[in-house]
Amino acid sequence: MNAIEVRDVHKRYRRYGRRRQFATLKSALLSGSVLRDLRPDAVFEALKGVSFDVRSGKTLGIVGRNGSGKSTMLKLIAGIGKPTSGTVRVDGRVSALIELGAGFHPEISGRENVYINGMMLGLSRREIARRFDDIVRFAELDEFIEAPVKTYSSGMYMRLGFAVAINVDPDVLLVDEVLAVGDEAFTHKCLDKFADFRRRGRTVLLVTHSLDLVTRFCDEALWLDGGTVKAQGDPRRVVDAYLTNVAAAENRQLAADDASPKSQIPNPKSQGTDPGSRIPDPGEDLDMFKVSEGRWGSREVEITAVELVGASGDSSHMFQSGEGVEIRLRVRANQPVSDFAFGVGIFNAEGVCCYGTNTLIEGATAGELSGDGEVRFVIDKLDLVEGTYKLDVAVHRQNGVPYDYHRLLYTFRMKSALKEAGIFRPPHRWSFSGGVRITGL
Amino acid sequence: MGLGPPRLHWRQLLANLKQLFRYRALISSLVARELKARYRGSVLGFFWSFINPLLLLVIYTVVFTVVLPGVHPPELEPYAVFMFCGILPWTWFSSSLLESSNVLVAGGNLIKKVLFPAEVLPIVTVLAGLVHFCLGLPILAAFLIYYRVPVTPTDLLWLPLIVAIQLVLTVGLALLLSALTVHFRDVRDLLANLLTLWFFATPIIYPITQAPERVRRLLNLNPFTHLVIAYQEVLFKSGPFMQGNRLLAVGAASLVVFVFGYFVFDRLRDTLAEEV
């Protein structure tokens, strides 16, 4: 079942020309232009036919550049604005973390603000009373809850705002970049709370510039660009496509900067005369999605073959738990590159990342890559429990833009005599003493 | 602002009104907050609600007994108390309109970031004004008793009705003005001047009987004239209350103003979050 359904949504904002700045009610009444002045001179289309669904209980991350329509979309889903055309349907109670503590009054106490803020978010007085202690505990404000909010630090203010909004206990939670503020500890706390939400089958919609958060946290990602959906699907893949696009745009901008002679810069007329050349052509990047499922990248460097080798030294797809395994990548550089890194990720059947690393994370410095080569990722003991696993392998730029990303393309099975639960088997042993008597271990 | 089928729109209007009722706890909390926040940080705190009208009344008393004795008809003695009967409701009316014309712009952050019916804000302003009005009543009562003004106790039963009619009228105008100010910021300045004119076009500091016949006909077109006269009749003048029919007419007019104000507000609702 879908918790959110967005169908062909357009949102136009009115943009008023210069005339409007001088139009006052007096002059509007005198010239009889009241109705005309309420009409816009021009419209700006923030969303141009956006459609997507979010299944109940899923977490969707929305990425995109500034001005791509992310926040507008979120506001429409929250019901703060109405789409110009198209429909937005949301199932269940919605709470939007758009601005924490919006509506707090500085002169009155934290306690009173919690009540008023909670009621604005749709709770009854009794519901707030029941959740009040949780809210205060989550915000870590026990000592200060009776003090006027104007005496709070900005961190305390935000914590309180977050605590109220999250305790509305919505079916659908909308989050707009609120995690960017706040200290590390609080961010972790918020993420824990989101994870808790997911566990209880609630739907979360996350607008963020933190791509890391999207790949780690979301079941699916949506990339908005210029008011249209550029891509939707696997978070890793969407984020990589987005990164590639941003890098390409930056590249083009740098090229354009270089191309324009410096002597022209002081001339105001030549500034910004050609904005079109700096805006990336959206058509170009569609190639990203024509590549076969699970593989994408710019292909300056390619991974031509992937092989898994077990303790026997032969290529295999079946390993014993605890066996040594080598992942061998054959790579070919179609042109020499010096900005590169290799990465490997292991996922279980549920899509949980069991382990992921790359040469950059481990502190390696890229030298040069040219022609053909082989990369071996040697695991001395692969301590995974029995099950089916999938492999991500990639070669990418150090900023994350992929040359060649193979997403979950390789499958292997781990066998084990024991049927333990979980994912990872830490090397371990049991030991007993005193009155405990057990045999067989 | 496309025009939908009118019947559908009325139903929407009613649904919004019903929804507003669900927010009554929020409204009452916001009114309490408004009153608390206003005096937070002052030494006398809440007592200012009493002291302000008291000081005003003292000033008028001094002016009309010491500085300007005998400019008013003798049957309207004490004149300061007579004026106060009109000034108290007028202060509620004018300050509510002035404040609510600004309330959506000032609360813009709220409207843009939180989903709740925006009409709550002007309504809260008017209700906070009502509370101040009610707090002024004991001061007025003290003076009425002190000067032994002969008030007919049964007339006082009309008072809640008069207050209710003024409330409906004020809320209607507040809704209209608050939504219009979002589009035309100069409503506020226009309003300040308009209210000064309106004040003198209402028999508050003069009895309507002193106005020339021609002017009186104009004054009668002002709905607030009848409200103020009703207050004066109930609170100040002896004899039975004669304003019943006029009061009902003003009540009907106030309802029309309210529906119109709410209608305009509802129409502009979707533009508010974008324009503030």
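Helices α4(B) and α8(B) pack at an angle of about 170°, and their axes lie 9 Å apart. With an angle over 145° counting as roughly antiparallel, that makes α4(B) roughly antiparallel to α8(B). Everything here comes from a predicted model. On the α4(B) side, the residues that meet α8(B) are B:Trp90, B:Ser94, B:Leu97, B:Leu98, B:Ser101 and B:Asn102. Facing them from α8(B) are B:Val187, B:Arg188, B:Leu191, B:Ala192, B:Leu195 and B:Phe199. Sorted by class, this contact comes out at eight nonpolar, three polar and one charged residues.

Both of these helices turn up again around α10(B). Among the elements covering the buried residues of α10(B) are α4 (79-106), α6 (120-146), α7 (159-183), α8, α9 (213-220) and α11 of chain B. The buried stretch takes in B:Phe224, B:Thr225, B:His226, B:Leu227, B:Val228, B:Ile229, B:Ala230, B:Tyr231, B:Gln232, B:Glu233, B:Val234 and B:Leu235. As for its length, α10(B) covers residues 223-235, and at 1.5 Å a residue its 13 residues should span 18 Å. The C-alpha atoms at its ends are 19 Å apart, which agrees with that expectation.

Next comes the contact between the chains. Here, 24 residues of chain B touch 26 residues of chain A. On the chain B side, the elements giving two or more residues are α2 (24-39), α5 (108-113), α8 (187-200) and α11 (244-275). Of these, α2(B) gives the most, with seven residues. By class, the side of chain B that touches chain A holds 13 nonpolar, three polar and eight charged residues.

Chain A brings in the strands. One open sheet has three of them, in the order β11-β13-β16, with antiparallel pairing. Its edges are β11 (301-309) and β16 (369-379) of chain A, each of which pairs on one side only. Neighbouring strands in this sheet are turned by 15° against each other on average, direction ignored. Strand β13 (residues 325-337) of chain A pairs with β16(A) in the antiparallel sense, over ten bridges. Within that setting, A:Arg328 stands opposite A:Arg376 of β16(A).

Another antiparallel pair in chain A joins β14 (residues 341-348) to β15 (residues 353-358) through five bridges. A:Gly345 has A:Gly356 in β15(A) as its bridge partner. The hairpin made by β14(A) and β15(A) has four residues between the strands, and A:Gly351 takes a positive phi near 90° there.

A:Asp8 counts as partly exposed because 13 C-beta neighbours fall inside 10 Å. In chain B, the phi of B:Arg148 is positive and near 50°. B:Arg148 sits in the loop between α6 and α7 of chain B. With 7 other C-beta atoms within 10 Å, B:Arg148 is exposed.

Note on methods
Residues are numbered from 1 along each chain as its sequence is written. Chains are lettered from A and ligands numbered from 1 in the order in which they are written. This is a predicted model: local features need pLDDT of at least 70, side-chain atom pairs count only at pLDDT 80 or more; totals for chains, interfaces and linings use all residues. Two residues are in contact if their C-beta atoms, placed from the backbone, lie within 7 Å. Ala, Val, Leu, Ile, Met, Phe, Trp, Tyr, Cys and Pro count as nonpolar, Asp, Glu, Lys and Arg as charged, and the others, Gly among them, as polar. Two strands pair if DSSP finds at least two bridges between them. Axes are lines fitted to C-alpha atoms, for helices over the stretch in contact, and angles run from 0 to 180 degrees between N-to-C directions. The expected span of a helix is 1.5 Å times one less than its number of residues. A residue is buried if 20 or more other C-beta atoms lie within 10 Å of its own, exposed if 12 or fewer, and partly exposed in between; C-beta atoms are placed from the backbone. Angles under 35 degrees count as roughly parallel, over 145 as roughly antiparallel, 65 to 115 as roughly perpendicular and the rest as oblique.
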